[in-house]
Amino acid sequence: MNHVPKFIGMDRSHQAAVCIPLLEHGDGSYDIIFEVRASTIAHQPGDVCLPGGRGEEGEAPREAALRELQEELLLTREQIDYLGDMDKLYTGSNLNMYSYAVEVKEYQNTFSPEEVDEIFTVPLEFFLHTEPKCYVTKAKVEPGEDFPYELIYGGRDYQWRSRKEEVCFYQYEGHVIWGLTAKMIRAFTEAVRE
């Protein structure tokens, strides 16, 4: 039996799902649609992202991604062809990110201004022939004030390891695609190559 994950009883603040929306041209080539997040929203305003977000209680990640895609790009369900599940990514901030490849048909460059400032497209060929520039960041462990140091060997002198995370960047015609979005695009591109 195929298990479909759902946002049930789990902290939805650590679960999200996005679509990688593809537009086909008549010649068989594809573009990927990206959004620039509205400057009025609280979380990551102005960042480039893929359509998606947090799921609602009881909603499967794919359902959440498709619902968010429809809401953000003002699409009907009939305009979306589901192509397949992509890898689930785990981030250094304990976020589980699900992604799904879809094809969008008859798209008229529509979007919800409450969530999106603008949309733009990038040819899939660009990603197939361009490696992102990647850099390593380090995150230092800082236990809270109430941390029980007396329970660990070394107490306050314990030698915590810093966590390393790779942060990648693509640049295309004045737009910067970076962070988790760049990681998902790199993973998608690797899957397409295979």
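Author: Start with the elements. Helices (H or I, at least four residues) and strands (E, at least two) are DSSP runs, numbered from the N terminus. This is a predicted model, in which local features need pLDDT of at least 70 and side-chain atom pairs count only at pLDDT 80 or more, while totals for chains, interfaces and linings use all residues. Residues are numbered from 1 along each chain as its sequence is written, and side-chain values use heavy atoms, with hydrogens and water left out.

Reader: How many helices and strands does the protein chain have?

Author: The protein chain has three helices and eleven strands. Their order from the N terminus is β-β-β-β-α-β-β-β-β-α-β-β-β-α. The C-alpha atoms fill a box of roughly 65 × 40 × 40 Å along the principal axes.

Reader: What makes a residue count as buried or exposed?

Author: Relative accessible area decides, with a 1.4 Å probe and protein chains only: under 20% is buried, over 50% is exposed, and in between is partly exposed. Of the 194 residues in the protein chain, 41% count as buried.

Reader: Why is Glu106 called exposed?

Author: Its relative accessibility is 69%. The cut-off is over 50%, so Glu106 counts as exposed. Glu106 sits in the loop between strand E7 (96–104) and strand E8 (116–123).

Reader: What is phi for Glu106?

Author: Phi of Glu106 is near 55°, a positive value in a residue other than glycine. Asn109 also lies in the loop between E7 and E8. Asn109 is not a glycine, and its phi is positive at about 60°.

Reader: Why does Asp81 count as partly exposed?

Author: Asp81 has 31% relative accessibility, so it counts as partly exposed. Asp81 is in strand E5 (residues 80–85). The C-alpha atoms of Asp81 and Asp31 are separated by 15 Å, and the two residues are 50 residues apart along the chain.

Reader: How do you know that Asp85 and Arg62 form a salt bridge?

Author: A salt bridge needs a side-chain nitrogen of Lys or Arg within 4 Å of a carboxyl oxygen of Asp or Glu. For Asp85 and Arg62 the N to O distance is 3.5 Å. The pair meets the definition. Asp85 lies in strand E5 and Arg62 in helix H1 (residues 61–73), so the pair ties together parts that are 23 residues apart in sequence. Asp85, at 47% relative accessibility, is partly exposed. Arg62 is partly exposed too, at 35%.

Reader: Which residue forms a salt bridge with Arg67?

Author: Glu71 does, with the closest N and O atoms 3.4 Å apart. Arg67 and Glu71 are four residues apart in helix H1, so about one helical turn separates them.

Reader: Why is Arg67 called buried?

Author: Arg67 has a relative accessible area of 17%. Buried means under 20%, so Arg67 is buried. Glu71 is partly exposed at 36%.

Reader: What makes Arg186 and Glu166 a salt bridge?

Author: Their side chains meet at 2.8 Å, N to O, and the limit is 4 Å. The pair links distant parts of the chain, with Arg186 in helix H3 and Glu166 in strand E10, 20 residues apart. Glu166 is partly exposed, with a relative accessible area of 34%. Elsewhere, salt bridges that share partners join Glu56, Glu59, Arg67, Glu68 and Glu71 into one network. The structure holds nine salt bridges.

Reader: What makes a space a cavity?

Author: On a 1 Å grid over the protein atoms alone, a cavity is a set of points where a 1.4 Å probe fits but cannot get out. A search of the whole structure finds one cavity of 30 Å³ or more. About 30 Å³ of space lies in the largest cavity, a volume being the space filled by probe spheres set on the points, which are joined across faces, edges and corners.

Reader: Which residues line the largest cavity?

Author: Lining residues have an atom within 4 Å of a point. Here they are Ile20, Met86, Asp87, Leu89, Ser99, Met184, Ala187 and Phe188. Helix H3 (residues 179–193) gives the largest share, three residues.

Key: 1 Å grid on protein atoms, 1.4 Å probe; cavity = no way out; pocket = protein on both sides within 12 Å on 5 of 7 lines; lining within 4 Å.
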